[in-house]
Amino acid sequence: MKYFLAFLIIVSSLNLSSQALSGNYTIGVNGTFSTINQAVDTLMTKGVSGPVIMNIQAGTYNEAITIGNISGISVNNTVSFQSVNGDSTSVVISSISQSTISGTLTINSSYIEISNITINSISTANYQSPAIHFNSNSNNCTIKNCILSGGNSSYPCYEVVFGDYINNTNILNNLFEGFYGSGLKFDGLGFYGANNNISYNIFNGFGAPYYNDIYIKYQQSSTISNNTLNNNQLRIQNIKGNVVVKNNYIGGSFRLSTYQGNTTDSAIIYNNFILNKFDRHLEPTVMLWGTNIKFYNNTIRDSALINTAYTFQIKSSNNCTIKNNIFYDKANGVLFFYDQGNTNIISDNNDYYTGGYYGKTVSSGPTTSLSAWKTLSGMEANS
């Protein structure tokens, strides 16, 4: 009889140890798991049967982490990693770059949420990997309330956060702090990632020519709103669907190129303050290039000392509307460059301020008065 009872106890413990995870767990000293990788390995081995929250105790975790396939994960059975006390400075995940692809945190699973954590990638002479890398299998993920950094003055990171062909990803209320290189890049690599949202983030990177605080490429139906980009460019390229860029402070330049809007889609850019404040931004403060672009209620200021770049440029575009904006050029260059290949462009009700030139076209020199620019452009009747 006692052997039978012992057998039942052994079988019961084996069944318990193989059960899928559900509920709350702790990571750290005397926690359910001692390391983050141990928790991740258990998730990938056992899967989940309900929502899982991993509460990480305060401390520094020198780990490179890859979250792979987790069976049972879904819109209802999500997996969250968060600091136990809600303080993003109390939990630091850091690793030395091992490749230009794998990050300190590599996400290769859907329905993952990371919140209230610091994640850092330390670049070396050979590698500059991101703090977070979203693989193409990582849809419906969220990064929020985190501190994200990477690179150094000698070895800038390519991106602090990088995403491949991903969908329904939310980057919300994070601080991109002290990074060298570019902040965030989503690149579908020829495929179009959809419905990604980048909002309420602060980018405090080191400014340099051609660095981007935000760069999205091969995306559709994206939202970029209420971000603070203190030093670098917001760049959008090869996109389609309904795109919204609103309420951002951009302390560099803005570039929207190769937007492929159709009769029912548009890119709407409104209520942004765009300030080209350094000589290092040699491109136009704003450049538009695409179809069905609506550019409303923005303030564009060129405060660089040089006067060779344009404050606003539009080229190879059609069916675009530019209204109720403020164009201000402290550098006394050219406010508005109406470049080649434009058709059906409406520009009106804008405010112009410059000690230099109001506008020019690809085939004519710059005008020295607003009235001359109205005549030359055939637009701006109410500006």
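Biologist: Which ring does Lys-315 lie over?
Modeller: Lys-315 sits over the face of Trp-289, at 5.0 Å from the ring centre. That label needs NZ of Lys or CZ of Arg within 6 Å of the ring centre and within 35 degrees of the ring normal. Lys-240 lies over the face of Tyr-192 too, at 4.2 Å from the ring centre.

Biologist: What should I know about the model itself?
Modeller: It is a predicted model, where local features need pLDDT of at least 70, side-chain atom pairs count only at pLDDT 80 or more, and totals for chains, interfaces and linings use all residues. Residues are numbered from 1 along each chain as its sequence is written, and side-chain values use heavy atoms, leaving out hydrogens and water.

Biologist: Nice. How many aromatic pairs are there?
Modeller: The structure holds 15. Rings of Phe, Tyr and Trp (its six-membered ring) pair if their centres lie within 6.5 Å; planes under 30 degrees apart are stacked, over 60 edge-to-face, the rest tilted. One of them, Tyr-249 with Phe-273, is stacked, at 5.9 Å centre to centre and 10 degrees between the planes.

Biologist: And Phe-327 with Phe-336, why is that pair edge-to-face?
Modeller: Because their planes are at 80 degrees, with the ring centres 5.9 Å apart.

Biologist: Is Phe-327 buried or exposed?
Modeller: Phe-327 is buried, at 0% relative accessibility, and Phe-336 is buried at 0% as well. Buried means under 20% relative accessible area, exposed over 50%, partly exposed in between (1.4 Å probe, protein chains only).

Biologist: Which residues form the aromatic cluster?
Modeller: Phe-295, Phe-312, Phe-327, Phe-336, Tyr-352, Tyr-358 and Trp-373.
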